[in-house]
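Work through the exercises below with the model open. Try each task before you read its solution.

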Amino acid sequence: MGPLPTPAAAEALVRERIRTLPVESRPLASLAGAVLAQAVRAERDQPPFDRVTMDGIAFSSAAWREGRRRFAIAGTQAAGRPPLRLEAADACLEVMTGAVLPAGCDCVVPVERLRIADGFAEVSEDVLIEPFANVHTRGLDCREGDMLLARGTRLGGPELAVLASAGLPRADVHADPRIIIVTTGDELVEPGEPIEAWQVRRSNSHALRAALALRGFLRVADDHLPDDPQVLRDRLAVHLDTHDLVVLSGGVSMGRFDHVPQALREVGVEEVFHKVAQRPGKPLWFGVSRGGQPVFGLPGNPVSALVCLVRYVVPGLLAAIGARPAPAEPIPLGAPCRVQPPLSLFLPVQLERSPTLGLVAMPKPTRGSGDFISLLGTDGFVELPPGPADYPSGYLAPFHRW
Ligand code: AMP
Ligand code: MG
């Protein structure tokens, strides 16, 4: 057996083997977090007309330059109404935010700078009047036909506003992956069920599901299987028929009841790698089914399971929905750190503000990969290169959020 892949090499192997899910058309209301499979161009100039940006009055700046300070109010231009025309130079029109600038006007004075009485508006002498003051002019932000969203863009608030403004009620996106989390282990008991002293609560599925939900992956089923090779084989075959990606927890180490790798091979899942040069989470298993579905066998220890989900399953899911890879952001360590084994270290951290270094990652080591209680209060983990090495405070380490 050759050397184990590094985390970066393992991630690259995952990305290489993951196919992009098919494209489907979905309504705007269901698109948060999805990735565009089409380009989007501007339907119209933006703003589509000279748009009033303050409630106030509009008039011609030429009248102001000629010394006029008091204007007869000749009408009201509301948002959503076709443009009025200002007929007389000594008059103004009342205007509302979002209205089109009336014809014959080129400036707006906000209501706060006016005295209004008896059908007249008087403008304070100290107001700065210049053409297109308080007007968001047509086409300033973009022109009709401009490319606004490229294929591969992940849709958040600003992107969805732009899609809607382009007049599209639906868009082509990559399908939302149907994920299943399959926990294994005869010792595990569901919360709410009676439990013996030697049994363990089944917690991984909840932690993993939360990490997925926080990233917008909501089509997540859940199953629990005993450490029984026959049952594992049968159920995994069924799950592979109905899901795009399988995440297993437990049963991938060297124990006598760790049947997962063997069961996966028997249902035709090709092993891509087993074990990564990292701590925790070294026993991670990854393969691809005959149907092309990625299958992750996460170690059962709760810290390992969550770290491996964030570090490998999430990038795999992003690849499956066609998102561009987003490299982890480097953050300076808030305290020095020693790494002993020749393995990459995934170290839980809490983000804090330091007076000298700005935002720093404060190491919060656990008491091993079974100690998920110590993760409370942490924000994620940093990835430190293999030891033996000492990393000083301020060392820039890639940060992964839970
Ligand atoms: P395994 O990888 O199956 O050898 O499990 C390693 C350790 O993680 C054991 O102590 C298990 O009891 C624990 N474990 C496995 N799966 C879960 C789970 N779903 N929730 C909580 N602990 C688990
Ligand atoms: Mg187990």
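**Exercise 1. The largest pocket**

Which helices and strands each supply at least two residues of the lining of the largest pocket?

*Solution.* Start with the ground rules. This is a predicted model, in which local features need pLDDT of at least 70, side-chain atom pairs count only at pLDDT 80 or more, and totals for chains, interfaces and linings use all residues. Residues are numbered from 1 along each chain as its sequence is written, chains are lettered from A and ligands numbered from 1 in the order in which they are written, and side-chain values use heavy atoms, without hydrogens and water.

Step 1. List the elements: helix H1 (7–17), helix H7 (302–320), strand S22 (329–332) and strand S28 (396–401). Helices (H or I, at least four residues) and strands (E, at least two) are DSSP runs, numbered from the N terminus.

Step 2. Find the main contributor. H7 gives the largest share of this lining, five residues.

Step 3. The largest pocket holds about 610 Å³ of space. Of its 25 lining residues, Leu318, Ala326, Pro327, Ala328 and His400 are closest to the centre. A pocket is found on a 1 Å grid over the protein atoms alone, as an open set of points where a 1.4 Å probe fits, with protein on both sides within 12 Å along at least five of seven lines; lining residues have an atom within 4 Å of a point. Points are joined across faces, edges and corners, and the volume is the space filled by probe spheres set on them.

Step 4. Sort by class. The lining has 15 nonpolar, one polar and nine charged residues. Ala, Val, Leu, Ile, Met, Phe, Trp, Tyr, Cys and Pro count as nonpolar, Asp, Glu, Lys and Arg as charged, and the others, Gly among them, as polar.

**Exercise 2. The ligand site**

Which pocket is the space taken by ligand 1?

*Solution.* Step 1. Ligand 1 takes the space of the second largest pocket; a molecule sits in a pocket if more than half of its atoms lie within 2 Å of its grid points.

Step 1. Describe that pocket. The second largest pocket has a volume of about 500 Å³. Of its 32 lining residues, Gly250, Pro299, Gly300, Asn301 and Pro302 are closest to the centre. By class, the lining has ten nonpolar, 15 polar and seven charged residues.

Step 2. Look at the shell. Among the 15 residues around ligand 1, Glu187, Ser203, Asn204, Gly251 and Gly300 come nearest (near: a heavy atom within 4 Å).

Step 3. Check the backbone. A ligand nitrogen lies 3.0 Å from a polar backbone atom of Ser203. A ligand nitrogen is 3.1 Å from a polar backbone atom of Asn204. A ligand oxygen is 2.9 Å from a backbone N or O atom of Gly251.

How values were computed
Polar contact = N/O pair within 3.5 Å; in protein donor to acceptor, adjacent residues only side chain to side chain.
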